[in-house]
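Dear colleague,

I am handing over the structure that we spoke about, and my notes on it follow below. Please keep it open while you read.

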Amino acid sequence: MHLQRRNRILRQSPAIRALVTETILTPNDFIVPLFVVEGENIKEEIASMPNYFRLSLDNLAREVKELWSMGLKSMLLFIKCRDELKDNKGTEALNPDGLMQQAIKTVKNACPDMLVMTDVALDPFSSFGHDGIVDGAEIVNDATVDVLAAMSLSHAKAGADFVAPSDMMDGRIGAIRKTLEENGFTKTGIMSYSAKYASCFYGPFRDALDSAPGFGDKKTYQMNYANRIEAVKETLMDIEEGADIVMVKPALAYLDIIREVKNAVNVPVSAYNISGEYAMIKAAANMGWIDENKAILETLTAIKRAGADLIATYFAKDAVKLIG
Ligand code: PBG
């Protein structure tokens with residue numbers, strides 16, 4: 001055979017493969033989600049997320065120092081709220097001494113340069129396990145947005161660098177931006193969960209925070225996974241309303257959406273490699289059916305290749321060690 005082009009030339013050795021690699025993961029790509037609980041010296045493993053833990057504030061301080069030493073510079077805070085503090089108004093979410101507000105201060109004290117992002121949604125604080133205020137069977141939009149804006153302000157006051165609204169109410173980005181502006185928080189960023197789908201893959205996360213919806217599902221606010229164009233509409237509106245970073249979530253079953261959004265916007269795009277995606281790799285690896293380390297790198301590289309500029313992932317520490 002005499003071929004004009006032999007594509008295998010560019011794959012024949014580690015050196016040439018390294019030279020022509022298109023997508024390279026670095027520690028700068030990752031946001032580390034962390035789960036916080038009340039108490040002291042607590043490090044509880046989450047049953048459906050092997051080797052991932054809920055941490056008390058003292059252990060949170062230790063953890064962020066370790067992350068920083070590994071080159072991980074951004075994190076996303078979630079708190080597990082005690083049942084007695086849950087209601088239908090998000091009262092505890094606004095408590096200036098609440099667990100989230102304390103967690104923000106703890107991280108900033110332990111590691112002042114760490115970028116602190118906070119989850120903004122009512123589900124961990126809701127007696128119904130919904131992201132908004134419930135009236136009958138309805139998740140009420142506008143009253144919820146008022147609470148989300150107040151919650152964001154409370155996080156900013158505690159020292160959050162970014163708030164990350166994950167609720168999918170209409171108009172919340174504009175309301176949050178307005179509230180931050182009116183109160184002088186002109187440096188607080190908004191990372192919006194813009195295209196967040198109603199997904200079965202959030203299951204392990206809801207175990208972690210004990211936040212599963214008490215009735216119904218989240219389909220009246222989170223998106224229908226059959227839809228693609230709608231993701232672009234949601235994302236462009238969030239940018240218009242003031243989002244600094246937009247997010248697609250989940251990541252793996254939505255790589256096409258990540259690319260679609262990446263091509264449509266001029267702000268950084270993040271993707272959330274969520275709890276169920278973590279659990280699937282952990283479970284298959286535990287059975288000996290896949291190689292965990294290879295699956296982690298292949299997955300994260302695919303998410304970045306799809307168009308994610310940054311990735312929230314429970315595998316951040318593993319990935320940093322692997323790409324070392
Ligand atoms: C809460 C929230 C969820 C996740 C992040 N923020 C769950 C949900 O919407 O039910 C999921 C993260 C994950 O599964 O890793 N609004």
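**Around the ligand**

In this predicted model, an N or O atom in the side chain of Tyr314 is 2.6 Å from an oxygen atom of the ligand, and a polar contact here means a pair of N or O atoms within 3.5 Å. In total 17 residues surround the ligand, that is, have a heavy atom within 4 Å of it, and the closest are Lys196, Arg206, Lys249, Ser275 and Tyr314.

Before you go on, please note how the model was read: it is predicted, so that local features need pLDDT of at least 70 and side-chain atom pairs count only at pLDDT 80 or more, whereas totals for chains, interfaces and linings use all residues. Residues are numbered from 1 along each chain as its sequence is written, and side-chain values use heavy atoms, with hydrogens and water left out.

**Two residues of the backbone**

Lys249, one of the closest residues to the ligand, is joined to Pro250 by a cis peptide bond with omega near -10°. Pro250 itself lies in the loop between strand 10 (245-249) and helix 8, where helices (H or I, at least four residues) and strands (E, at least two) are DSSP runs numbered from the N terminus. Asn51, in strand 3 (residues 49-55), has a positive phi of about 65° although it is not a glycine.

**Helices that meet**

Helix 8 (residues 255-264) and helix 10 (residues 292-306) have axes, meaning lines fitted to C-alpha atoms over the stretch in contact, that come within 8 Å and cross at roughly 35°. In their contact (heavy atoms within 4.5 Å), Leu255, Ile258 and Arg259 of helix 8 meet Ala302, Ile303, Arg305 and Ala306 of helix 10.

How do the axes of helix 3 and helix 4 cross? The axes of helix 3 (residues 99-110) and helix 4 (residues 141-158) come within 8 Å and cross at roughly 30°, and the two helices are therefore roughly parallel to each other, a term for angles under 35 degrees on a scale that runs from 0 to 180 degrees between N-to-C directions. Met100, Gln101, Ile104 and Lys105 in helix 3 meet Ser154, His155 and Ala158 in helix 4.

Methods. Parallel < 35°, antiparallel > 145°, perpendicular 65-115°, else oblique. Polar contact = N/O pair within 3.5 Å; in protein donor to acceptor, adjacent residues only side chain to side chain.
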